[in-house]
Amino acid sequence: MALKSCTKTFSAAAQRPKAFTPCRPSRSTVRVAAAAQQQQTAEASRRQLLQLGGALASAALLPAAAQAAKAPRGFNPVQDLNDNYQFLYPFGWQEVSVGGADLVYKDVIEPLESVSVTITPTDKKDVTEFGDIADVANTLATEVLTAPGQQVAVVATNARALNGHTYFEFEYTAKTPRYTRHSLAVVVANDSKFYTLTTG
C-alpha cells in the first residue's frame, strides 16, 4: 500500500512541478524491502550452491589429459593437475587458508558459505569399499564434516559412476543454537587418495 501511494504522489507531483515533494517511503516499507532483498539474495545463493554441487560431482577427478572446460556463467573454474581434481566456485568468492584443507574458497558477503577440498590417504580403490552410501554419508556428516554438539541430519544421498569412479553425493544439515547450515558433499577415492569436496 505504501509503495502504491508513493507512486500516486509522484505522478501527481510530476503533473504539477511547483508542488513537487519527494516521496519518502515509511520505515516499515524500507524494512520490508530490505527483508525481501535479503531473502532473494539468500535464495540465489542457495541455487548457486546447488548448481555448484552438481558441477562439482561431475568434475571432481580429472582424466589423464584434462583440459579446462568453459565455466558456466557466474562461476570460476579451479583445476589442480598435481592432485588431479577440478571444480567450480561462484564468482566473487575468495581463496582462504584453512588448516587440513587442500583448497578453500569463501563467500565474502556470507562467510558461512564456502567450498573446500580435502585429500586424505587411503588404501581403498573405490569409495564403495568404505560401506554403503547411507553409512558413509552419516559417518562423514556426523564425525568428520561437522563440529561436536551439532544436530546433524543427512537429507539426501546419491551414488553415481563417472569415468570409472563411483561418486557419493550427500546433502546434510548441521544445527546449532544460532543457525542451521545446509551443505552438500561429494566424495570419491582414486590413486590412494580420498577426496572430499564440501560446499554450503
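**Contacts, core and pocket**

Q: Of the contacts in the protein chain with a separation of 6 or more, what share comes from residues 24 or more positions apart?
A: This is a predicted model: local features need pLDDT of at least 70, side-chain atom pairs count only at pLDDT 80 or more, and totals for chains, interfaces and linings use all residues. Residues are numbered from 1 along each chain as its sequence is written, and side-chain values use heavy atoms, leaving out hydrogens and water. A contact means heavy atoms within 4.5 Å. For residues 24 or more positions apart, the share is 46%.

Q: How many helices and strands are in the protein chain?
A: Both are DSSP runs, numbered from the N terminus: helices are H or I with at least four residues, strands are E with at least two. From the N terminus on, the order is α-α-β-β-β-β-β-α-β-β-β-β. The count is 3 helices and 9 strands.

Q: Is His182 buried, partly exposed or exposed?
A: His182 sits in strand β8, residues 180-190. Buried means under 20% relative accessible area, exposed over 50%, and partly exposed in between (1.4 Å probe, protein chains only). His182 has 43%, so the residue is partly exposed.

Q: Which side chain makes a polar contact of 2.7 Å with that of His182?
A: Beyond its neighbours within four places in sequence, His182 touches Glu171, Tyr172, Thr173, Thr199 and Gly200. A polar contact is a pair of N or O atoms within 3.5 Å; within protein, one must be able to donate a hydrogen and the other to accept it, and residues adjacent in sequence count only if both atoms are side-chain atoms. At 2.7 Å, the partner is Glu171.

Q: How many nonpolar, polar and charged residues are in the lining of the second largest pocket?
A: Ser114, Ser116, Leu145, Arg181 and Thr198 are the closest to the pocket's centre among 23 lining residues. On a 1 Å grid over the protein atoms alone, a pocket is an open set of points where a 1.4 Å probe fits, with protein on both sides within 12 Å along at least five of seven lines; lining residues have an atom within 4 Å of a point. Ala, Val, Leu, Ile, Met, Phe, Trp, Tyr, Cys and Pro count as nonpolar, Asp, Glu, Lys and Arg as charged, and the others, Gly among them, as polar. The lining has 11 nonpolar, 10 polar and 2 charged residues.
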